[in-house]
Amino acid sequence: MAAMKPRTGDGPMEVVKEGRGIVMRVPVDGGGRLVVELNATEASELLGCLKGVVG
């Protein structure tokens with residue numbers, strides 16, 4: 001059984017390059033963070049979608 005780490009807070013939104021991938025960590029309501037790994041193509045598509053919504 002894996003040891004559970006205590007939550008020390010949600011932390012800020014962050015995006016980092018790890019190896020060949022791009023890892024995005026987004027705080028969510030209710031605690032915790034959503035962690036998504038993207039490749040460069042997916043990150044570009046996400047950027048286009050966000051620009052379309054935000055302006």
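A: E14 forms a salt bridge with R25, with the closest N and O atoms 3.7 Å apart; a salt bridge here is a side-chain nitrogen of Lys or Arg within 4 Å of a carboxyl oxygen of Asp or Glu. This pair links distant parts of the chain, since E14 belongs to strand β1 and R25 to strand β2, eleven residues apart. The model is a predicted one, in which local features need pLDDT of at least 70 and side-chain atom pairs count only at pLDDT 80 or more, whereas totals for chains, interfaces and linings use all residues. Residues are numbered from 1 along each chain as its sequence is written, and side-chain values use heavy atoms, with hydrogens and water left out.

Buried means under 20% relative accessible area, exposed means over 50%, and partly exposed lies in between, with a 1.4 Å probe and protein chains only.

E14 also meets the side chain of R33 in a salt bridge of 3.2 Å, N to O. R33 lies in strand β3 and E14 in strand β1, so this pair ties together parts that are 19 residues apart in sequence. R33 counts as partly exposed, at 31% relative accessibility.

R25, in turn, forms a salt bridge with E18 (3.3 Å, N to O). E18 is partly exposed, with a relative accessible area of 39%. Through shared partners, the salt bridges join E14, E18, R25 and R33 into one network. The count by this rule is three salt bridges. In general, side chains of opposite charge can pair when their charged atoms come close.

Strands are DSSP runs (E, at least two residues), as are helices (H or I, at least four residues), numbered from the N terminus; two strands pair if DSSP finds at least two bridges between them. Strand β2 (residues 21-27) pairs with β3 in the antiparallel sense over six bridges, and I22 stands opposite L38 in β3.
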